[in-house]
Amino acid sequence: MSVSRRTVLASAAGVAAVTAASTPAVAADATTARTPAPTLRKLRAAADYAVDKVRTVAPTVTAFPVGTKFEKWVYSQNGDWVGGFWPGTLWMAWLYSKEDAFRGWALASAEKLAPRQYDTGTHDLGFLFYPSWVTAWRLTGDQAWRAGALRAADSLIQRYNPRGRFIRAWGALNDERNAGRVIIDTMMNLDLLAFASGQTGDDKYLNIAVEHAKTAQRVFLRPDGSTPHVYDFDPAGGAPIGPNTVQGYSPTSCWSRGQAWGLYGFTTMYRRTGNPEFLATARRLADFAVGALTADHVPVWDYRAPQQPYDIKDASAGAIMACGLLDLSAATGRQAYREVALRLLTALSETCLTQNSTRAEAVVARCTRNRPSEDGVEISLPYADYYLLEGILRVLQPQDVDRAIDLSTV
(Lines give C-alpha, C1' and ligand atoms only; values in the text may rest on other atoms or scores of the structure.)
Protein backbone atom coordinates (compact mmCIF):
# COMPACT_ATOMS: atom_id res chain seq x y z
CA MET A 1 0.00 0.00 0.00
CA SER A 2 1.34 3.41 -0.88
CA VAL A 3 0.74 6.59 1.08
CA SER A 4 -0.63 9.50 -0.94
CA ARG A 5 1.87 11.92 -2.44
CA ARG A 6 0.33 14.81 -0.53
CA THR A 7 0.93 12.93 2.73
CA VAL A 8 4.50 11.94 1.90
CA LEU A 9 5.47 15.50 1.10
CA ALA A 10 3.80 16.97 4.17
CA SER A 11 7.09 17.59 5.95
CA ALA A 12 8.93 20.72 4.89
CA ALA A 13 11.64 20.55 2.26
CA GLY A 14 13.81 23.20 3.85
CA VAL A 15 13.96 25.58 6.76
CA ALA A 16 12.53 28.47 4.77
CA ALA A 17 9.73 26.30 3.47
CA VAL A 18 9.04 24.97 6.96
CA THR A 19 8.72 28.42 8.43
CA ALA A 20 6.56 29.71 5.63
CA ALA A 21 4.33 26.71 5.00
CA SER A 22 3.77 24.96 8.31
CA THR A 23 0.70 25.99 10.22
CA PRO A 24 1.18 26.12 13.98
CA ALA A 25 -1.46 24.12 15.79
CA VAL A 26 -2.43 27.26 17.68
CA ALA A 27 -1.47 30.86 16.93
CA ALA A 28 0.42 32.54 19.76
CA ASP A 29 -2.06 35.37 20.36
CA ALA A 30 -5.05 33.02 20.38
CA THR A 31 -3.25 30.65 22.74
CA THR A 32 -2.43 33.19 25.40
CA ALA A 33 -5.85 34.80 25.08
CA ARG A 34 -7.49 31.48 25.97
CA THR A 35 -5.17 30.76 28.89
CA PRO A 36 -6.07 32.23 32.30
CA ALA A 37 -3.62 34.88 33.49
CA PRO A 38 -2.74 33.03 36.73
CA THR A 39 -1.89 29.93 34.70
CA LEU A 40 0.31 31.94 32.35
CA ARG A 41 2.17 33.41 35.32
CA LYS A 42 2.79 29.97 36.82
CA LEU A 43 3.99 28.54 33.53
CA ARG A 44 6.31 31.47 32.88
CA ALA A 45 7.73 31.10 36.38
CA ALA A 46 8.31 27.38 35.77
CA ALA A 47 9.97 28.09 32.42
CA ASP A 48 12.17 30.72 34.06
CA TYR A 49 13.19 28.22 36.71
CA ALA A 50 13.85 25.48 34.15
CA VAL A 51 15.99 27.70 31.94
CA ASP A 52 17.93 29.05 34.92
CA LYS A 53 18.60 25.49 36.09
CA VAL A 54 19.74 24.33 32.64
CA ARG A 55 21.94 27.41 32.25
CA THR A 56 23.65 26.60 35.55
CA VAL A 57 24.15 22.89 34.89
CA ALA A 58 24.96 22.89 31.15
CA PRO A 59 28.63 23.92 31.43
CA THR A 60 29.32 20.84 33.57
CA VAL A 61 27.51 18.35 31.32
CA THR A 62 29.94 16.31 29.21
CA ALA A 63 27.71 13.37 28.18
CA PHE A 64 23.99 12.53 28.16
CA PRO A 65 21.90 12.62 31.35
CA VAL A 66 19.88 9.43 31.84
CA GLY A 67 18.53 9.95 35.36
CA THR A 68 19.56 11.18 38.77
CA LYS A 69 21.14 9.59 41.80
CA PHE A 70 20.99 11.64 44.97
CA GLU A 71 19.72 14.53 42.78
CA LYS A 72 22.81 14.58 40.53
CA TRP A 73 22.73 13.53 36.86
CA VAL A 74 24.08 10.11 35.96
CA TYR A 75 25.43 10.02 32.40
CA SER A 76 25.63 7.77 29.36
CA GLN A 77 28.46 8.35 26.93
CA ASN A 78 26.54 7.17 23.86
CA GLY A 79 23.12 8.48 24.87
CA ASP A 80 21.42 5.16 25.64
CA TRP A 81 17.84 5.72 24.35
CA VAL A 82 17.46 9.19 25.91
CA GLY A 83 20.37 11.05 24.27
CA GLY A 84 18.14 13.31 22.19
CA PHE A 85 16.45 14.89 25.18
CA TRP A 86 19.41 16.87 26.54
CA PRO A 87 20.08 18.72 23.26
CA GLY A 88 16.30 18.99 22.86
CA THR A 89 16.03 20.66 26.25
CA LEU A 90 18.82 23.04 25.30
CA TRP A 91 16.94 23.95 22.10
CA MET A 92 13.78 24.66 24.08
CA ALA A 93 15.79 26.82 26.48
CA TRP A 94 17.23 28.70 23.49
CA LEU A 95 13.78 29.31 22.03
CA TYR A 96 12.56 30.65 25.37
CA SER A 97 15.60 32.76 26.27
CA LYS A 98 17.15 33.59 22.87
CA GLU A 99 20.57 33.18 24.54
CA ASP A 100 23.27 32.02 22.13
CA ALA A 101 24.93 29.85 24.77
CA PHE A 102 22.04 27.39 24.68
CA ARG A 103 22.32 27.13 20.89
CA GLY A 104 26.02 26.32 21.15
CA TRP A 105 25.49 23.72 23.85
CA ALA A 106 22.64 22.11 21.87
CA LEU A 107 24.77 21.75 18.74
CA ALA A 108 27.76 20.38 20.62
CA SER A 109 25.62 17.85 22.47
CA ALA A 110 23.78 16.70 19.35
CA GLU A 111 27.08 16.18 17.52
CA LYS A 112 28.03 13.53 20.09
CA LEU A 113 25.13 11.40 18.86
CA ALA A 114 26.67 11.11 15.38
CA PRO A 115 27.70 7.43 15.70
CA ARG A 116 24.14 6.45 16.60
CA GLN A 117 22.75 7.31 13.15
CA TYR A 118 24.04 3.89 12.04
CA ASP A 119 22.64 2.02 15.05
CA THR A 120 20.29 -0.73 13.86
CA GLY A 121 20.02 -2.25 17.34
CA THR A 122 17.26 -0.02 18.73
CA HIS A 123 13.85 1.36 17.81
CA ASP A 124 14.58 4.57 19.70
CA LEU A 125 16.20 6.48 16.83
CA GLY A 126 13.27 8.88 16.77
CA PHE A 127 13.83 9.76 20.41
CA LEU A 128 17.53 10.14 19.69
CA PHE A 129 17.43 12.17 16.48
CA TYR A 130 14.17 14.12 16.27
CA PRO A 131 14.59 16.55 19.20
CA SER A 132 18.31 16.86 18.47
CA TRP A 133 19.24 16.55 14.77
CA VAL A 134 15.89 17.25 13.08
CA THR A 135 15.38 20.24 15.35
CA ALA A 136 18.95 21.39 14.69
CA TRP A 137 18.31 21.32 10.95
CA ARG A 138 14.98 23.10 11.28
CA LEU A 139 16.50 25.87 13.41
CA THR A 140 19.85 26.30 11.64
CA GLY A 141 19.39 25.12 8.05
CA ASP A 142 22.66 23.17 8.20
CA GLN A 143 22.19 20.23 5.82
CA ALA A 144 24.52 17.98 7.84
CA TRP A 145 21.84 17.61 10.51
CA ARG A 146 19.22 16.69 7.92
CA ALA A 147 21.52 14.11 6.34
CA GLY A 148 22.26 12.46 9.68
CA ALA A 149 18.58 12.27 10.58
CA LEU A 150 17.86 10.60 7.24
CA ARG A 151 20.61 8.04 7.87
CA ALA A 152 19.01 7.33 11.26
CA ALA A 153 15.68 6.73 9.50
CA ASP A 154 17.43 4.26 7.18
CA SER A 155 18.71 2.42 10.23
CA LEU A 156 15.28 2.40 11.87
CA ILE A 157 13.39 0.85 8.94
CA GLN A 158 15.73 -2.15 9.02
CA ARG A 159 13.88 -3.17 12.17
CA TYR A 160 10.56 -3.52 10.32
CA ASN A 161 9.06 -7.03 10.20
CA PRO A 162 6.86 -7.16 7.06
CA ARG A 163 5.20 -10.43 8.11
CA GLY A 164 3.80 -8.96 11.30
CA ARG A 165 3.86 -5.36 10.02
CA PHE A 166 5.65 -3.99 13.07
CA ILE A 167 8.94 -2.40 14.09
CA ARG A 168 10.61 -4.58 16.70
CA ALA A 169 11.54 -2.77 19.87
CA TRP A 170 14.64 -4.35 21.33
CA GLY A 171 17.70 -6.38 20.42
CA ALA A 172 20.16 -6.57 17.57
CA LEU A 173 18.80 -7.60 14.20
CA ASN A 174 20.45 -11.02 14.45
CA ASP A 175 19.29 -11.59 18.04
CA GLU A 176 16.29 -13.91 18.18
CA ARG A 177 15.40 -12.83 21.70
CA ASN A 178 12.71 -10.14 21.65
CA ALA A 179 12.48 -10.43 17.86
CA GLY A 180 8.70 -10.33 18.03
CA ARG A 181 8.39 -7.80 20.83
CA VAL A 182 6.54 -4.55 20.14
CA ILE A 183 6.08 -1.74 22.69
CA ILE A 184 3.74 1.23 22.79
CA ASP A 185 6.71 3.62 23.07
CA THR A 186 7.59 3.05 19.40
CA MET A 187 4.68 5.28 18.37
CA MET A 188 6.93 8.20 19.32
CA ASN A 189 9.71 7.08 16.97
CA LEU A 190 7.53 7.08 13.85
CA ASP A 191 7.76 10.82 13.21
CA LEU A 192 11.40 10.38 12.17
CA LEU A 193 10.10 8.19 9.33
CA ALA A 194 7.46 10.75 8.35
CA PHE A 195 10.25 13.33 8.25
CA ALA A 196 12.35 11.08 6.02
CA SER A 197 9.54 10.59 3.49
CA GLY A 198 8.83 14.30 3.45
CA GLN A 199 12.47 15.08 2.79
CA THR A 200 13.26 12.39 0.23
CA GLY A 201 9.92 11.94 -1.52
CA ASP A 202 10.31 8.20 -0.93
CA ASP A 203 7.10 6.60 0.34
CA LYS A 204 8.84 3.67 2.03
CA TYR A 205 9.55 5.39 5.35
CA LEU A 206 6.05 6.70 5.98
CA ASN A 207 4.49 3.48 4.66
CA ILE A 208 6.35 1.55 7.34
CA ALA A 209 5.30 4.08 9.99
CA VAL A 210 1.65 3.79 8.92
CA GLU A 211 1.73 -0.02 8.89
CA HIS A 212 3.30 -0.11 12.35
CA ALA A 213 0.72 2.36 13.67
CA LYS A 214 -2.13 0.29 12.24
CA THR A 215 -0.72 -2.83 13.90
CA ALA A 216 -0.30 -1.01 17.22
CA GLN A 217 -3.82 0.35 16.94
CA ARG A 218 -5.18 -3.16 16.42
CA VAL A 219 -3.32 -4.96 19.22
CA PHE A 220 -2.68 -2.36 21.93
CA LEU A 221 -6.01 -0.57 22.17
CA ARG A 222 -8.36 -2.17 24.69
CA PRO A 223 -12.13 -1.51 24.63
CA ASP A 224 -11.83 0.99 27.49
CA GLY A 225 -8.99 2.93 25.81
CA SER A 226 -6.18 1.60 28.02
CA THR A 227 -3.05 -0.10 26.69
CA PRO A 228 -0.46 -2.65 27.78
CA HIS A 229 3.23 -1.81 27.56
CA VAL A 230 4.21 -4.77 25.35
CA TYR A 231 2.62 -6.93 22.69
CA ASP A 232 4.36 -10.09 21.49
CA PHE A 233 4.27 -11.62 18.01
CA ASP A 234 5.72 -14.75 16.46
CA PRO A 235 8.57 -13.09 14.53
CA ALA A 236 8.80 -15.87 11.96
CA GLY A 237 5.20 -15.80 10.77
CA GLY A 238 4.00 -12.54 12.24
CA ALA A 239 1.10 -14.09 14.15
CA PRO A 240 0.03 -12.27 17.32
CA ILE A 241 0.76 -13.95 20.64
CA GLY A 242 -0.60 -11.53 23.21
CA PRO A 243 -0.02 -8.61 25.60
CA ASN A 244 2.86 -8.45 28.04
CA THR A 245 4.76 -5.88 30.04
CA VAL A 246 8.21 -4.86 31.21
CA GLN A 247 7.64 -1.49 32.83
CA GLY A 248 3.97 -1.82 33.73
CA TYR A 249 2.53 -3.68 36.70
CA SER A 250 1.16 -6.55 34.62
CA PRO A 251 0.06 -7.41 31.06
CA THR A 252 -3.46 -6.27 32.00
CA SER A 253 -2.45 -3.02 33.70
CA CYS A 254 -1.85 0.39 32.14
CA TRP A 255 1.61 1.93 32.53
CA SER A 256 0.99 5.67 32.58
CA ARG A 257 4.03 6.77 30.59
CA GLY A 258 3.24 4.21 27.90
CA GLN A 259 -0.31 5.53 27.69
CA ALA A 260 1.13 9.03 27.23
CA TRP A 261 3.53 7.84 24.51
CA GLY A 262 0.59 6.30 22.68
CA LEU A 263 -1.60 9.40 23.00
CA TYR A 264 1.11 11.72 21.70
CA GLY A 265 2.29 9.26 19.01
CA PHE A 266 -1.12 8.55 17.49
CA THR A 267 -1.93 12.26 17.42
CA THR A 268 1.32 12.89 15.56
CA MET A 269 0.55 10.13 13.07
CA TYR A 270 -2.84 11.72 12.44
CA ARG A 271 -1.14 15.05 11.77
CA ARG A 272 1.30 13.44 9.34
CA THR A 273 -1.28 11.36 7.42
CA GLY A 274 -4.75 12.82 7.99
CA ASN A 275 -5.96 9.29 8.83
CA PRO A 276 -9.05 9.79 11.05
CA GLU A 277 -8.62 6.35 12.62
CA PHE A 278 -5.36 7.48 14.20
CA LEU A 279 -7.11 10.54 15.63
CA ALA A 280 -9.92 8.40 17.01
CA THR A 281 -7.37 6.12 18.67
CA ALA A 282 -5.56 9.08 20.20
CA ARG A 283 -8.85 10.32 21.63
CA ARG A 284 -9.64 6.97 23.20
CA LEU A 285 -6.21 6.81 24.82
CA ALA A 286 -6.61 10.38 26.03
CA ASP A 287 -10.07 9.83 27.45
CA PHE A 288 -8.89 6.83 29.47
CA ALA A 289 -5.83 8.65 30.81
CA VAL A 290 -7.79 11.77 31.71
CA GLY A 291 -10.35 9.66 33.53
CA ALA A 292 -7.59 7.89 35.47
CA LEU A 293 -5.96 11.07 36.77
CA THR A 294 -6.10 11.77 40.48
CA ALA A 295 -7.14 15.15 41.87
CA ASP A 296 -3.53 16.34 42.08
CA HIS A 297 -3.05 15.85 38.30
CA VAL A 298 0.27 14.05 38.69
CA PRO A 299 -0.09 10.55 37.19
CA VAL A 300 0.67 7.48 39.23
CA TRP A 301 3.24 5.22 37.56
CA ASP A 302 0.59 2.66 36.53
CA TYR A 303 -3.11 3.45 36.40
CA ARG A 304 -4.03 -0.12 37.40
CA ALA A 305 -1.38 -1.00 39.97
CA PRO A 306 -2.95 -2.27 43.22
CA GLN A 307 -1.93 0.77 45.30
CA GLN A 308 -3.28 3.37 42.92
CA PRO A 309 -4.47 6.09 43.34
CA TYR A 310 -2.10 6.29 46.33
CA ASP A 311 0.92 4.84 44.55
CA ILE A 312 4.20 6.51 43.61
CA LYS A 313 4.11 9.11 40.86
CA ASP A 314 5.65 9.58 37.45
CA ALA A 315 5.79 13.27 36.61
CA SER A 316 7.34 12.44 33.23
CA ALA A 317 4.07 10.77 32.22
CA GLY A 318 2.26 14.00 33.08
CA ALA A 319 4.60 16.16 30.98
CA ILE A 320 4.33 13.87 27.94
CA MET A 321 0.57 13.62 28.36
CA ALA A 322 0.23 17.41 28.53
CA CYS A 323 2.05 17.80 25.19
CA GLY A 324 -0.11 15.13 23.61
CA LEU A 325 -3.31 16.71 24.90
CA LEU A 326 -2.34 20.15 23.60
CA ASP A 327 -1.69 18.55 20.23
CA LEU A 328 -4.97 16.64 20.38
CA SER A 329 -6.93 19.75 21.35
CA ALA A 330 -5.58 21.55 18.31
CA ALA A 331 -6.34 18.57 16.05
CA THR A 332 -9.90 18.11 17.30
CA GLY A 333 -10.86 21.63 18.33
CA ARG A 334 -11.87 20.28 21.74
CA GLN A 335 -11.01 22.83 24.44
CA ALA A 336 -11.50 20.22 27.18
CA TYR A 337 -8.25 18.47 26.24
CA ARG A 338 -6.40 21.76 26.43
CA GLU A 339 -7.84 22.50 29.87
CA VAL A 340 -6.59 19.18 31.23
CA ALA A 341 -3.17 19.83 29.68
CA LEU A 342 -2.99 23.19 31.43
CA ARG A 343 -3.92 21.56 34.74
CA LEU A 344 -1.20 18.96 34.23
CA LEU A 345 1.45 21.59 33.44
CA THR A 346 0.32 23.71 36.38
CA ALA A 347 0.40 20.74 38.76
CA LEU A 348 3.90 19.79 37.64
CA SER A 349 5.02 23.40 38.01
CA GLU A 350 3.57 23.68 41.51
CA THR A 351 4.42 20.29 43.01
CA CYS A 352 7.14 18.56 40.97
CA LEU A 353 9.94 21.07 40.39
CA THR A 354 13.24 20.75 42.25
CA GLN A 355 13.04 24.30 43.60
CA ASN A 356 13.41 23.31 47.24
CA SER A 357 16.75 21.58 46.70
CA THR A 358 20.13 23.25 46.42
CA ARG A 359 21.67 19.97 45.16
CA ALA A 360 19.33 19.15 42.31
CA GLU A 361 20.69 19.28 38.75
CA ALA A 362 17.39 18.42 37.04
CA VAL A 363 14.25 20.52 36.70
CA VAL A 364 11.50 17.96 37.40
CA ALA A 365 11.38 15.56 40.34
CA ARG A 366 8.92 12.76 41.21
CA CYS A 367 9.60 10.66 38.11
CA THR A 368 9.73 6.87 38.03
CA ARG A 369 11.76 5.04 35.40
CA ASN A 370 11.02 1.33 35.95
CA ARG A 371 9.02 0.46 39.05
CA PRO A 372 8.91 -3.35 38.58
CA SER A 373 12.71 -3.44 38.44
CA GLU A 374 12.99 -0.96 41.32
CA ASP A 375 15.11 1.12 38.97
CA GLY A 376 14.82 4.86 39.36
CA VAL A 377 11.82 5.23 41.65
CA GLU A 378 10.82 8.87 42.14
CA ILE A 379 13.96 10.40 40.65
CA SER A 380 14.49 12.96 37.86
CA LEU A 381 14.55 11.94 34.19
CA PRO A 382 15.76 13.91 31.15
CA TYR A 383 12.56 13.44 29.18
CA ALA A 384 10.51 14.97 31.99
CA ASP A 385 12.58 18.15 31.73
CA TYR A 386 12.30 18.17 27.93
CA TYR A 387 8.55 17.62 27.70
CA LEU A 388 7.78 20.04 30.51
CA LEU A 389 9.55 22.78 28.56
CA GLU A 390 7.98 21.67 25.28
CA GLY A 391 4.54 21.72 26.89
CA ILE A 392 5.00 25.15 28.46
CA LEU A 393 6.34 26.59 25.21
CA ARG A 394 3.40 25.05 23.31
CA VAL A 395 1.29 27.39 25.46
CA LEU A 396 3.53 30.45 25.63
CA GLN A 397 5.34 30.32 22.27
CA PRO A 398 3.63 27.82 19.94
CA GLN A 399 5.11 29.38 16.81
CA ASP A 400 8.61 28.74 18.16
CA VAL A 401 7.77 25.13 19.00
CA ASP A 402 6.41 24.78 15.46
CA ARG A 403 9.75 25.99 14.11
CA ALA A 404 11.52 23.35 16.16
CA ILE A 405 9.41 20.21 15.79
CA ASP A 406 6.74 20.99 13.12
CA LEU A 407 3.19 21.25 14.47
CA SER A 408 1.65 21.27 11.00
CA THR A 409 -1.22 18.98 10.00
CA VAL A 410 -1.78 17.47 6.55
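Colleague: Into how many nonpolar, polar and charged residues does the lining of the second largest pocket divide?

Modeller: This is a predicted model, in which local features need pLDDT of at least 70 and side-chain atom pairs count only at pLDDT 80 or more, while totals for chains, interfaces and linings use all residues. Residues are numbered from 1 along each chain as its sequence is written, and side-chain values use heavy atoms, with hydrogens and water left out. The pocket (an open set of points on a 1 Å grid over the protein atoms alone, with protein on both sides within 12 Å along at least five of seven lines; lining residues have an atom within 4 Å of a point) is lined by T68, E71, L353, T354, N356, S357, A360, A365, R366, E378, I379 and S380. With Ala, Val, Leu, Ile, Met, Phe, Trp, Tyr, Cys and Pro counted as nonpolar, Asp, Glu, Lys and Arg as charged, and the others, Gly among them, as polar, the lining has four nonpolar, five polar and three charged residues.

Colleague: Thanks! What space lies in the largest pocket?

Modeller: A volume here is the space filled by probe spheres set on the grid points, which are joined across faces, edges and corners. For the second largest pocket that space is about 180 Å³. For the largest pocket, the value is about 380 Å³.

Colleague: And which residues that line the largest pocket are closest to its centre?

Modeller: The lining of the largest pocket divides into eleven nonpolar, seven polar and six charged residues. Of the 24 residues that line the largest pocket, the closest to its centre are D80, W81, H123, D124 and W170.

Colleague: Which element gives the most to the lining of the largest cavity?

Modeller: That lining divides into 13 nonpolar, four polar and five charged residues. Elements here are DSSP runs numbered from the N terminus: helices (H or I, at least four residues) and strands (E, at least two). Two or more lining residues come from each of α7 (125-140), α9 (191-200), α11 (256-273) and α15 (382-396). The most, six residues, come from α11.

Colleague: Now helix packing. Why are α7 and α16 roughly perpendicular to each other?

Modeller: Axes are lines fitted to C-alpha atoms, for helices over the stretch in contact, and angles run from 0 to 180 degrees between N-to-C directions. The axes of α7 and α16 (residues 398-405) lie 7 Å apart. Angles under 35 degrees count as roughly parallel, over 145 as roughly antiparallel, 65 to 115 as roughly perpendicular and the rest as oblique. So α7 and α16 are roughly perpendicular, as they pack at an angle of about 105°.

Colleague: Which residues of α16 meet α7?

Modeller: Contact means heavy atoms within 4.5 Å, and by class this one has four nonpolar, one polar and three charged residues. On the α7 side the contact is made by Y130, T135, R138 and L139. On the α16 side the residues are D402, R403, A404 and I405.

Colleague: What is the handedness of the crossing of α4 and α14?

Modeller: Helix α4 (residues 37-57) and helix α14 (residues 335-351) pack at about 50° with axes 9 Å apart, which means that α4 is oblique to α14. T39, K42, L43 and A46 of α4 meet L342, L345, T346, S349 and E350 of α14. A crossing is left-handed if the near helix is turned anticlockwise from the far one by less than a right angle, and right-handed if clockwise. The crossing of α4 and α14 is left-handed.

Colleague: One last thing: which residues does the cis peptide bond join?

Modeller: The place to look is the loop between α12 and α13 (315-332), where P309 is found. Omega is about 10° at this cis peptide bond, which joins Q308 and P309.

Terms used. 1 Å grid on protein atoms, 1.4 Å probe; cavity = no way out; pocket = protein on both sides within 12 Å on 5 of 7 lines; lining within 4 Å.
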